[in-house]
Amino acid sequence: SIISTNQVVNETKEIRLTKKDLLKSFAIWELTSEMCLNYERLMALGFCHAMTPILKRLYPKKEDLAAGLQRHMEFFNTENQWGAIIPGIVISLEEERANGAPITDEMISSIKTGLMGPIAGIGDTITQGLVKTILLAIGLDMATKGSVMGPIFFFITYTAYILGAGYFTFFQGYKFGRSAFSKITNPSLLRKLTDCMSIVGLTVAGSLVASTLYITTPFVLQFGDTAVAFQELFDQILPGLLGVITTGIVYACVRRNVSIVKIMLTMTAVGILGAALGIL
């Protein structure tokens, strides 16, 4: 009976992350999240690398660890400092999941997808458009006046900002995730949150298609004295229609596991051929 009691206690014992675990994950995120970018998954490898010490701590079984690593190798991209809130939140979700909370792969994926775009917009605006610009202006002014402290000032202050902002957002994300999801016990609320994050992610993806993928055609079909400009016709149907169609085709190919390299080469060939024929 003593053995069985001990087994029950061990089975119900919660796995909780330590400050050391979190600091190790934060250090990996801060140092390597943007060192291994690629066109297919962008920051996914860096995100997965930062999650590795967390997953090893939470999932002793090899198959659970492998599933966790695969879960975090999906496409991911955001701004590094303010975006540190996302791995912080995800770590809290993984911790709750390892202790039996009803948190699915889809929920984690939706939260990552829904947050990475808006936070990247905030982070890029503050970091690149504001903080870096101001600090560079001060450093350059000092340097042009002959002071060697100009580049040193920029290095020290910008490094302090990067580490400070990243540390704050990372640990606030972890605290927020734990406090928020520890209070959510109703599965319907989890589904609603997942649906909301999915909608946000789709909205961000749609806005990116409309603002960055601008495909037009100069092709004009002549019928005697009548000319049909296809681009004007497409704009009347739906502005950015060719971009939407292209996105849909690429998405369908990705869903069918078509190689990203093949998709890129095909798009390049179609673009060259279309320009030569005067279609694109």
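Visitor: How do the residues lining the second largest pocket divide into nonpolar, polar and charged?
Guide: First, a caveat: this is a predicted model, where local features need pLDDT of at least 70, side-chain atom pairs count only at pLDDT 80 or more, and totals for chains, interfaces and linings use all residues. Residues are numbered from 1 along each chain as its sequence is written, and side-chain values use heavy atoms, with hydrogens and water left out. Ala, Val, Leu, Ile, Met, Phe, Trp, Tyr, Cys and Pro count as nonpolar, Asp, Glu, Lys and Arg as charged, and the others, Gly among them, as polar. On that scheme, the lining of the second largest pocket comes out as 13 nonpolar, four polar and no charged.

Visitor: How much space lies in the second largest pocket?
Guide: A pocket here is an open set of points on a 1 Å grid over the protein atoms alone, where a 1.4 Å probe fits, with protein on both sides within 12 Å along at least five of seven lines; lining residues have an atom within 4 Å of a point. Grid points are joined across faces, edges and corners, and the volume is the space filled by probe spheres set on them. For the second largest pocket, that gives about 420 Å³.

Visitor: Which residues lie closest to the centre of the second largest pocket?
Guide: There are 17 residues in the lining to pick from. The closest to the centre are Ile-215, Thr-246, Met-267, Val-270 and Leu-280.

Visitor: And which element gives the largest share of that lining?
Guide: Elements are DSSP runs numbered from the N terminus: helices are H or I with at least four residues, strands E with at least two. Those giving two or more residues to the lining are helix H10 (241–255) and helix H11 (260–277). The largest share, six residues, comes from H10.

Visitor: What is Ile-91 in contact with, leaving aside neighbours within four places in sequence?
Guide: Contact means heavy atoms within 4.5 Å. On that basis, the partners of Ile-91 are Leu-17, Leu-22, Ser-25, Met-51, Ile-54, Phe-170 and Tyr-174.

Visitor: How far apart in sequence are the parts tied together by the Phe-26 and Tyr-167 pair?
Guide: Rings of Phe, Tyr and Trp (its six-membered ring) pair if their centres lie within 6.5 Å; planes under 30 degrees apart are stacked, over 60 edge-to-face and the rest tilted. The count comes to ten aromatic pairs, and Phe-26 with Tyr-167 is an edge-to-face one, at 5.8 Å centre to centre and 85 degrees between the planes. Phe-26 is buried at 9% relative accessibility, whereas Tyr-167, at 35%, is partly exposed. Phe-26 lies in H2 and Tyr-167 in H7, so the parts the pair ties together are separated in sequence by 141 residues.

Visitor: Are Tyr-158 and Tyr-161 stacked or edge-to-face?
Guide: Both lie in H7, three residues apart, about one turn of the helix. Tyr-158 is buried at 12% relative accessibility, and Tyr-161 is buried at 16%. Their rings sit 6.2 Å centre to centre with 25 degrees between the planes, which makes the pair stacked.

Visitor: How far is Asn-99 from Arg-16 in space, C-alpha to C-alpha?
Guide: Asn-99 is in the loop between H5 and H6 and is partly exposed at 25%. Leaving aside neighbours within four places in sequence, Asn-99 contacts Lys-13, Glu-14, Ile-15 and Arg-16. Although 83 residues separate Asn-99 and Arg-16 in sequence, the C-alpha distance is 8.6 Å.

Visitor: Is Asn-257 buried or exposed?
Guide: Asn-257 lies in the loop between H10 and H11 and has a positive phi of about 65 degrees although it is not a glycine. At 71% relative accessibility, Asn-257 counts as exposed.

Methods
Buried means under 20% relative accessible area, exposed over 50%, partly exposed in between (1.4 Å probe, protein chains only).
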